[in-house]
Amino acid sequence: MFKHCICALSLLLVSSVAFSQQNNSKKKAKNIILMIGDGMGTAQIFAGLTANKGTLHLERFPVSGFHKSQSADGFVTDSGAGATAFSIGKKTYNGAIGVDATKVAFPTILEISERNKLATGMVVSCAITHATPASFIAHQPSRGMQEEIAVDFLQTDIDVFIGGGRKYFNRRKDGRDLTDSLRARNYQVLDTLTDIIKVSSGKLAGFIADGEPPKVSEGRGDQLLQSTHTALKLLQQNKKGFFLMVEGSQIDWGGHANDIDYATTEMIDFDKAIGAALDFAAKDGNTLVIVTGDHETGGLSLTGGDIKAGKVEAKFTTKGHTAVMIPVFAYGPGAEAFGGIYENNTIFDKMMKAFRFK
C-alpha cells in the first residue's frame, strides 16, 4: 500500500512538472533579458565556478544547449559578427555591426522591440559603442567606427544604456557633443554609478568611464550588478514589457591577455548580474532570461585546481578567439526552444518567437 502511494505521488509530481513545462512553453514572454559573456566558453564557466568555490547562478537554469558561432567569412568569429547574428538573425562577416554579409542593414531585436512599444536597454562593462552592444543598436560596416556608432544611438529610442565610452559622444573629431543631443531628447546623462543607481524613472544614459571601464579587480566594483538592477527598475515600468541586453564584456579581455585571474574575476562578476536577472524573472513570471557567449577566447584549458580553495590552474592555446561551440542557458517562457545544438543566428528567431513578433 505504502509503495503504491509513493508511486502515485511520484506520477503526480512528474505530471505536474510536465504540465507546468507545457504551460510555460505556450506562454508569451513579456520581457527578454539576453546576457552575453563575451569570450565565455565552458572552460571560462567552470573556471569561474571553481574560483567561486563551487557555485554559480548559472547552475539555476533548467534548459541548456549549444550554438555554433562561425561567421559568414570565418571558422572563427569576432564579437561584431557574433553579436550581429544574435541581433538581426543573419550570419555576417567579422567586424560587421548590424548588417548582413552584403552590408545591408536589418532591424535588430532591440529596434523591433521598440517598434512593438516595448522598453529597451543595454548594460555593459565595456564602452557602450564596443562591438557587442553596438550590434544591437547600430548599423555600420566596421566595428572600429565608434564615433559613427555613437551617432546611431540617436536613431533609436532606447530607454536605458549604461557603460563606458563617453568620449565617443562628447570628444569627437567632428566637434559635436552628442550628450547635448541626448539631453534634448530627455535623457538623464550621468557620469557616476552613484548618480546612475539613484535614477527611478525616465530615460537614462549612464557613462561609467571616458573610454573603457577598469577591470573589476582594479576598482570597477559591482558596476555591472548595480547597473543591471537599475535598468530592470526602469524598464519594468513599461507595462507592455521590455528587451534588455547585458554583457559581461571583459571575460574576453582576460582571455586575450591569457590571464586566468582576470578571466575568472570577470566571470564571477557577470554571474552576479545573472543572479539578479534570474531573481527578477522568478518573481515576475513572464520574463525569459537567456545567457550565452559570442565566442570563446584564449583556448582555455583547465589543467588542475581545488574547488574548496577556489584555486584554478590553467593554460591557454591562443591570444585570440577559438571556434568551439558555445553554451546557451535559458529560463522562463520559451526557454525550451534553447535546448540542443543550433546556429548562433537562430537565437534571434527564438527570441522573436518567444515575443510572438512577426
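This is a predicted model: local features need pLDDT of at least 70, side-chain atom pairs count only at pLDDT 80 or more; totals for chains, interfaces and linings use all residues.
A residue counts as exposed when its relative accessible area is over 50%, and as buried when that area is under 20%.

**First stop: asparagine 186.** Select asparagine 186 in the loop that links α8 (178-184) to β5 (187-190). Its relative accessible area is 61%, so asparagine 186 is exposed. Its phi is near 70 degrees, a positive value in a residue other than glycine. Most residues other than glycine have a negative phi.

**Second stop: asparagine 258.** Next, select asparagine 258, found in the loop between α11 (251-256) and α12. Asparagine 258 is not a glycine, yet its phi is positive, at about 50 degrees. Its relative accessibility is 27%, and asparagine 258 therefore counts as partly exposed.

Now display α10 (residues 223-235) together with α12 (residues 260-284); their axes lie 8 Å apart, at an angle of about 25 degrees. Because of this angle, α10 is roughly parallel to α12. Their crossing is right-handed. To view the contact, select residues of α10, including Leu224 and Leu232, and residues of α12 that they meet, including Phe270 and Phe280. The residues of this contact comprise 7 nonpolar, 2 polar and 2 charged.

Select Phe153, Phe161, Phe169, Tyr187 and Phe207, which form one aromatic cluster. The count of aromatic pairs comes to 10. One of them joins phenylalanine 153 and phenylalanine 161, a tilted pair with 4.8 Å centre to centre and 55 degrees between the planes. Are phenylalanine 153 and phenylalanine 161 buried or exposed? Both phenylalanine 153 and phenylalanine 161 are buried.

How values were computed: Residues are numbered from 1 along each chain as its sequence is written. Side-chain values use heavy atoms; hydrogens and water are left out. Axes are lines fitted to C-alpha atoms, for helices over the stretch in contact, and angles run from 0 to 180 degrees between N-to-C directions. Helices (H or I, at least four residues) and strands (E, at least two) are DSSP runs, numbered from the N terminus. Angles under 35 degrees count as roughly parallel, over 145 as roughly antiparallel, 65 to 115 as roughly perpendicular and the rest as oblique. A crossing is left-handed if the near helix is turned anticlockwise from the far one by less than a right angle, and right-handed if clockwise. Contact means heavy atoms within 4.5 Å. Ala, Val, Leu, Ile, Met, Phe, Trp, Tyr, Cys and Pro count as nonpolar, Asp, Glu, Lys and Arg as charged, and the others, Gly among them, as polar. Rings of Phe, Tyr and Trp (its six-membered ring) pair if their centres lie within 6.5 Å; planes under 30 degrees apart count as stacked, over 60 as edge-to-face and the rest as tilted. Buried means under 20% relative accessible area, exposed over 50%, partly exposed in between (1.4 Å probe, protein chains only).
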